[in-house]
Amino acid sequence: MALLKIHFPAASLGKQAAMYAILPPGKGPFPALYLLHGLSDDYTIWQRRTSIERYVEGKGLIVVMPDGARSFYCNDPRPAGAAYEDHIIKDVIGFIDETFHTIPRRDARAIAGLSMGGYGTLMLAMKHPDMFSAACAHSSAINFSHSSDPGMERINIIADTLPRDGRYDLYLLAQKVAKARNRPALRMDCGRSDGLLKENRQFHAHLRKIGFKHEYREYPGNHNWAYWDEHIRESLEFILARVKK
């Protein structure tokens with residue numbers, strides 16, 4: 001396998017951006033997984049804090065780790081705001097499909113992430129169901145843009161910059177795509193000692209209520225890298241069973 005650090009022009013951000021990519025050996029074509037980081041991290045963190053490179057060895061899967069800053073992968077509508085939703089959907093996926101031998105179709109493309117990146121995974125997969133066939137979210141910040149949580153001012157401040165029309169509300173997005181033919185296969189998990197467990201349980205109940213088929217799991221663990229390093233493996237199995245090889 002090859003690990004690449006990529007610097008590339010990001011038109012949606014109006015600047016250069018960076019990401020990591022793990023490439024399997026061979027000519028391909030290969031399916032691709034886009035792996036999103038959390039609020040306090042950057043594009044290097046999955047490679048530094050987990051064994052993701054070892055876990056995908058021999059799987060014939062490209063893993064792309066882009067940077068989302070502290071954006072929750074949304075488009076900031078303010079005059080100087082950065083469009084990170086467009087960055088992932090247009091800049092990152094566009095560059096990967098143009099540069100490497102991917103299978104540039106929905107049925108060979110998946111997305112996953114943790115915490116802020118778990119929210120981003122669910123939001124992007126449900127808002128762009130034509131782009132992803134599978135999505136796996138760990139320890140997700142579900143209530144971002146849905147409700148303001150006391151004690152989470154640093155997150156509420158970010159959410160308050162977004163339009164109030166529900167375009168980034170996971171509950172409303174789920175209702176829109178629940179019965180769609182191109183609904184992405186969805187997997188969620190959360191640690192039983194995680195502070196985000198309650199909102200993950202509530203969203204799981206919401207998905208069941210509206211008939212959105214999905215997989216939900218709880219495991220021992222907290223909001224930390226020991227948990228995510230262990231359970232990214234279940235997500236990889238889920239994704240590999242559903243993307244076109």
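Trainee: Where is the kink in α8 centred?

Mentor: The kink, of about 25°, is centred on H231. The bend at a residue is the angle between axes fitted to the seven residues ending there and the seven starting there. Helices (H or I, at least four residues) and strands (E, at least two) are DSSP runs, numbered from the N terminus. This is a predicted model, in which local features need pLDDT of at least 70 and side-chain atom pairs count only at pLDDT 80 or more, whereas totals for chains, interfaces and linings use all residues. Residues are numbered from 1 along each chain as its sequence is written, and side-chain values use heavy atoms, with hydrogens and water left out.

Trainee: What span does α8 reach from its first C-alpha to its last?

Mentor: The expected span of a helix is 1.5 Å times one less than its number of residues. Helix α8 comprises the 16 residues 225–240 and reaches 22 Å, close to the expected 22 Å.

Trainee: Which pairs of strands illustrate the antiparallel and the parallel sense?

Mentor: Strand β1 (residues 2–10) pairs with β2 in the antiparallel sense over 9 bridges, and H7 has A18 of β2 as its bridge partner. These two strands form a hairpin with 4 residues between them, and G14 in the turn has a positive phi of about 70°. β2 also pairs with β4 in the antiparallel sense, over 4 bridges; there A21 is partnered by V64 in β4. By contrast, β6 (residues 134–138) and β7 (residues 185–191) pair in the parallel sense over 5 bridges, with R187 in β7 as the bridge partner of C136.

Trainee: How many residues of β2 are buried?

Mentor: β2 is mostly covered, with 7 of its 9 residues buried. Helix α3 has buried residues too, among them Y84, H87, I88, V92 and I96. The buried residues of α3 pack against β1, β2, β3, β4, β5 (109–114) and α4.

Trainee: How do α4 and α6 cross?

Mentor: Two packed helices are described by the angle between their axes and the distance between the axes. The axes of α4 (residues 116–127) and α6 (residues 170–177) come within 9 Å and cross at roughly 35°. Their crossing is left-handed. The contact involves Y119, L122, M123, M126 and K127 of α4, and L170, L173, A174 and V177 of α6. A crossing is left-handed if the near helix is turned anticlockwise from the far one by less than a right angle, and right-handed if clockwise.

Trainee: Which peptide bond is cis?

Mentor: The bond from G28 to P29 is cis, with omega near 10°. P29 is found in the loop between β2 (15–23) and β3 (32–36).

Trainee: What is phi of A69, and what is phi of Y73?

Mentor: Each value is positive in a residue other than glycine: phi is near 50° for A69 and near 60° for Y73. A69 is found in the loop between β4 (62–66) and α3 (84–99), and Y73 is likewise in the loop between β4 and α3.

Trainee: Why does A69 count as partly exposed, and why does Y73 count as buried?

Mentor: A69 counts as partly exposed because its relative accessibility is 28%. Y73 counts as buried because its relative accessibility is 0%.

Definitions and conventions
Buried < 20%, exposed > 50% of the residue type's maximum accessible area, 1.4 Å probe, protein only. Pairing = 2+ DSSP bridges. Axes fitted to C-alpha atoms, helices over the stretch in contact; angles between N-to-C directions. Contact = heavy atoms within 4.5 Å.
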